[in-house]
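Reader: Please take me closely through one part of this model, beginning with a strand pairing and going on to the loops and the ligand sites. I would like the cut-offs behind each term as we go.

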Amino acid sequence: MKTTVSVIKADVGGWPGHATVHPELMRTAEENLKKAVAAGVIKDFHVSHVGDDLELIMTHTKGEDSTEVHKLAWETFQKAADKAKELKLYGAGQDLLADAFSGNVKGLGPGSAEMAFTERKSDPVVVFMMDKTEPGAFNLPIFRIFADPFNTAGLVIDPSAHQGFVFEIWDIMEDKKVFLSAPEEMYDILALIGAKERYVIKRVYPKEGGPLPADEPVAVISTDKLYHVAGKYVGKDDPVAVVRAQSGLPALGEVLEPFAFPHLVSGWMRGSHNGPIMPVSVKDARCTRFDGPPRVAALGFQVANATLGMPVDLFDDPAFDRTRQQAEEIADYMRRHGPFEPHRLPMADMEYTTLPGVLERLKDRFEKV
Ligand code: F6R
Ligand code: MG
Ligand code: MG
């Protein structure tokens, strides 16, 4: 029987503003998931947060898109949102866009990344959680993990990783997908995923003939676009990813290595700015300066018999101090541009924010030149 890792997240209220998640919300979620373990809905869970996003990390054997598991997540978020309303937390219930649950959280506001796989003798799994950015923020690190030999030594020197990986890339504007193979089609992959606001890596698969089944993903990224759901800007769709490691896959250290570079992502203040992504421990995953800078946390698990066990907070490590320092320097540099591009996002990306309201107000004052 396959093991499923389901990471489902939502912003159901910030403390204060959009900074972080109140411990009472975490407790509410934990209590509800504990009951679900006792009732046999899931096997194990870990509740976490990054910035204002409440993250439910769950394991079970019910496969992806299980109505039972999605319903559990939805109800857990609702309970946490009720608590948030009681405490008058900021934006209580923000991401719960539907009035009622309808079989799957997709399209209802929460984001999800799920992966069903046959457990190996030992299965290291990393859950990445980002706040104040969008799914395309994972394009660069996921590409580097599974296709860049300067990042992942195993692509060159491990015979079982040498043949490369297949990337499932989604066009999130037109709801289309394409499978491209690395290294053969590496330049095509890059041609797409460099446009990270449109083309996002959804999954990565091993190739036929390798040590892992070619139909079971080894990485999955949430690609939920809140504004497609809500029709207007209701907060960035802060993404999560699940990545498996070792034994024919990139090693744990190769999975973490791309995050030593604080690459520019879009999001940050009002979802409208480019800024560096800063790898942090969960305890430092509070978005403060200019509502950021965008953060990423990483929890490592040794999945065993569909249970998670204890997490290791992987960026809680001095090895990432220099990256954080560099991210702060880049934040200073970017901030000095104020409302100017490329700190502020280009017009096309601002269409989904509150800017059109400003332009609407000015439209009658424009004269012909
Ligand atoms: C970005 C984010 C925040 C808010 C900002 C304004 O994803 O959540 O930067 O956009 O704090 O929030 P409101 O409009 O709620 O006052
Ligand atoms: Mg928020
Ligand atoms: Mg958020």
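**From a hairpin to the ligand sites**

Author: Strand S6 (residues 165-171) and strand S7 (residues 176-182) run antiparallel and are joined by seven bridges; strands here are DSSP runs of E with at least two residues, helices are runs of H or I with at least four, both numbered from the N terminus, and two strands pair if DSSP finds at least two bridges between them. Within this pairing, Glu168 has Phe179 of S7 as its bridge partner. S6 and S7 make a hairpin with four residues between them, and in that turn Asp175 has a positive phi of about 50°.

The model is predicted, so local features need pLDDT of at least 70 and side-chain atom pairs count only at pLDDT 80 or more, while totals for chains, interfaces and linings use all residues. Residues are numbered from 1 along each chain as its sequence is written, chains are lettered from A and ligands numbered from 1 in the order in which they are written, and side-chain values use heavy atoms, with hydrogens and water left out.

The loop between S7 and helix H5 (186-193) holds Pro183, and the peptide bond from Ala182 to Pro183 is cis, with omega near 10°. A cis bond also leads from Gly292 to Pro293, with omega near -15°, and Pro293 sits in the loop between strand S13 (278-279) and strand S14 (295-303). Most peptide bonds are trans, and most residues other than glycine have a negative phi.

Two non-glycine residues with positive phi deserve a look. Lys132, with a phi of about 65°, lies in the loop between strand S5 (123-131) and helix H3 (139-147), and its relative accessible area of 8% makes it buried, a term for values under 20%, where exposed means over 50% and partly exposed in between (1.4 Å probe, protein chains only). Gln246 has a phi of about 75° and is placed in the loop between S10 and helix H7 (252-256); at 30% relative accessibility, Gln246 is partly exposed.

Because Asp53 is in strand S3 (residues 53-60) and Asp238 in the loop between helix H6 (226-230) and strand S10 (240-244), the pair ties together parts 185 residues apart in sequence. Asp53 is buried at 0% relative accessibility, and Asp238 is buried at 6%.

Ligand 1 has 10 residues around it, of which His18, Tyr90, Trp268, Arg270 and Asp291 come nearest, a residue counting as near if one of its heavy atoms lies within 4 Å. The shell consists of four nonpolar, two polar and four charged residues. Oxygen atoms of ligand 1 lie 3.1 Å from a polar side-chain atom of His18, 2.9 Å from a polar backbone atom of Arg270 and 2.6 Å from a polar side-chain atom of Asp291. Of the 410 Å² that ligand 1 exposes when taken alone, the protein buries 73%, by the Shrake-Rupley method with a 1.4 Å probe.

Methods: A polar contact is a pair of N or O atoms within 3.5 Å; within protein, one must be able to donate a hydrogen and the other to accept it, and residues adjacent in sequence count only if both atoms are side-chain atoms. Ala, Val, Leu, Ile, Met, Phe, Trp, Tyr, Cys and Pro count as nonpolar, Asp, Glu, Lys and Arg as charged, and the others, Gly among them, as polar.
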